Amino acid sequence: MHTKISENLNRILTFASKYNPLIIAVSKYYTVNEMREAYSLGLNNFGENRVLDAIEKINLLEEEITSNSHYHLIGHLQSNKIKKAIGVFDYIHSVDSIELAMGIDNVAKQKGIVQKILIQVNNANEAQKFGIAPSQIEEMITKIASLKNVSLEGLMTIAPLSDDTNLLKRLFDEMYKLKELYHLKELSMGMSNDYKIALDCGATMIRLGRTLFE
């Protein structure tokens with residue numbers, strides 16, 4: 001059945017397949033029915049911005065889907081939501097302070113799991129966005145290394161909403177160099193409007209909402 005989502009996915013894969021990224025279906029604005037359809041088309045990584053919204057959707061999905069899917073927290077994690085988040089999300093992309101990493105480590109230890117995290121980097125220095133400066137990465141990695149119940153998988157960034165291809169390429173290239181410098185595995189960057197540039201620059205995870213679901 002050729003639906004809107006299947007046609008969008010085919011278009012995305014035509015470009016993305018040569019890079020073999022992890023495609024995260026950003027379901028934050030979409031329904032569980034749309035998540036079901038995405039799953040039926042082979043997508044089983046879902047991104048949510050809010051912890052409670054994600055839990056509500058997961059509880060509505062069939063066990064066959066939830067047990068075979070992976071969930072990514074891509075929005076800011078408030079310290080008072082850590083307990084609810086740990087054990088729900090396979091990856092937390094938005095760790096932007098050592099205090100948050102320590103809180104995650106503490107709860108993960110209590111629950112007997114190791115939580116995969118990414119450090120959110122604000123290399124465009126946008127005041128309205130979370131994330132640390134590139135100059136802070138080394139210190140944060142050093143401190144995270146002492147935590148036993150978190151696993152630092154890589155870096156994440158949210159690029160400015162811009163049509164300036166050169167700006168986006170420069171920012172994404174910088175992120176790739178940082179990921180390589182610190183010998184990290186994952187680089188989560190690229191959304192609906194800029195994922196092609198991000199993939200060209202070395203993204204391993206792309207976060208797609210509108211271009212997939214609409």
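**Note on aromatic contacts and the pocket**

1. Over the ring of Phe15 sits the charged end of Lys196, 5.3 Å from the ring centre. The charged end of Lys18 also sits over the ring of Phe15, at 4.2 Å from its centre. The model under review is predicted.

2. The count of aromatic pairs comes to four. In one of them, Phe15 and Tyr195, the ring centres are 6.4 Å apart and the planes stand at 85°, over the 60 degrees required, so the pair is edge-to-face. This pair joins distant parts of the chain, with Phe15 in helix α1 (residues 4–16) and Tyr195 in helix α9 (residues 195–200), 180 residues apart. Tyr195 is buried, its relative accessible area being 3%.

3. Phe46 and Tyr71 form a stacked pair, because their ring centres lie 6.2 Å apart and their planes meet at 25°. Here too distant parts of the chain are linked: Phe46 belongs to strand β2 (residues 45–48) and Tyr71 to strand β3 (residues 70–73), 25 residues apart. Both Phe46 and Tyr71 are buried.

4. Phe15 and Tyr195 also belong to a cluster that ring pairs form together with Tyr19.

5. The largest pocket holds about 840 Å³ of space. Its lining comprises 31 residues, of which Lys28, Tyr29, Asn49, Ile74 and Gly75 are the closest to the pocket centre. Helix α3 (residues 51–60) supplies the largest share of the lining, three residues. By class, the lining of this pocket contains 14 nonpolar, eight polar and nine charged residues.

Notes: Residues are numbered from 1 along each chain as its sequence is written. This is a predicted model: local features need pLDDT of at least 70, side-chain atom pairs count only at pLDDT 80 or more; totals for chains, interfaces and linings use all residues. Side-chain values use heavy atoms; hydrogens and water are left out. On a 1 Å grid over the protein atoms alone, a cavity is a set of points where a 1.4 Å probe fits but cannot get out, and a pocket is an open set with protein on both sides within 12 Å along at least five of seven lines; lining residues have an atom within 4 Å of a point. Grid points are joined across faces, edges and corners, and a volume is the space filled by probe spheres set on the points. Helices (H or I, at least four residues) and strands (E, at least two) are DSSP runs, numbered from the N terminus. Ala, Val, Leu, Ile, Met, Phe, Trp, Tyr, Cys and Pro count as nonpolar, Asp, Glu, Lys and Arg as charged, and the others, Gly among them, as polar. Rings of Phe, Tyr and Trp (its six-membered ring) pair if their centres lie within 6.5 Å; planes under 30 degrees apart count as stacked, over 60 as edge-to-face and the rest as tilted. Buried means under 20% relative accessible area, exposed over 50%, partly exposed in between (1.4 Å probe, protein chains only). A charge sits over a ring if NZ of Lys or CZ of Arg is within 6 Å of the ring centre and within 35 degrees of the ring normal.
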